[in-house]
Amino acid sequence: MSRPIGKENNTVQSLVLFIICFALFCGAVYSLSFLSLDNAWPAAITLVLFALAFAIPQHVLGRSDTLAELERVKQENK
């Protein structure tokens, strides 16, 4: 059976991070309501907010262990 990840967030921290990222996503959807052919700024804001809502959980908060580190830890735990 696999061991749990040692660097997991507690429930409150995970909830706060979810609320922040969901607020970014909702802000991106809301900025689409201002989109028109005359003004390009709402489209730029939408792209930035969508990118942040995706990149923060995937890249910034994700696991940073490399495959070599994971393999080394796996061998040590045997």
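Predicted model: local features only at pLDDT ≥ 70, side-chain atom pairs only at ≥ 80, totals over all residues.
User: Let's start with the aromatic rings. How many aromatic pairs are there?

Analyst: The count comes to four aromatic pairs. Ring pairs join Phe18, Phe22, Phe25 and Phe50 into a cluster.

User: Why is the pair Phe18 and Phe22 called stacked?

Analyst: The general idea is to look at the angle between the ring planes: under 30 degrees counts as stacked. Here the planes of Phe18 and Phe22 are at 15 degrees, with ring centres 5.6 Å apart, so the pair is stacked. Phe18 and Phe22 are four residues apart in helix 1, so about one helical turn separates them.

User: Which residues make the nonpolar surface patch?

Analyst: Those three phenylalanines take part, together with Leu15, Ile19 and Val29, in a patch of about 580 Å².

User: And Ser31, is that buried or exposed?

Analyst: Ser31 belongs to helix 1 too, but its relative accessibility is 7%, so Ser31 counts as buried.

User: What does Ser31 contact, leaving aside its neighbours within four places in sequence?

Analyst: Ser31 is in contact with Pro42, Ile45 and Thr46. With Thr46, there is a polar contact between the two side chains, at 2.5 Å.

Notes
Residues numbered from 1 in each chain as written. Heavy atoms only, no water. Patch = residues over 30% accessible without salt bridge, like charges linked within 9 Å, V, L, I, M, F, W, Y side chains within 5 Å. Areas by Shrake-Rupley, 256 points an atom, 1.4 Å probe, with all protein chains shown as cover. Salt bridge = Lys/Arg side-chain N within 4 Å of Asp/Glu carboxyl O. Helix = DSSP H or I, 4+ residues; strand = E, 2+ residues; numbered from the N terminus. Buried < 20%, exposed > 50% of the residue type's maximum accessible area, 1.4 Å probe, protein only. Polar contact = N/O pair within 3.5 Å; in protein donor to acceptor, adjacent residues only side chain to side chain. Contact = heavy atoms within 4.5 Å. Phe/Tyr/Trp six-rings, centres within 6.5 Å; stacked < 30°, edge-to-face > 60°.
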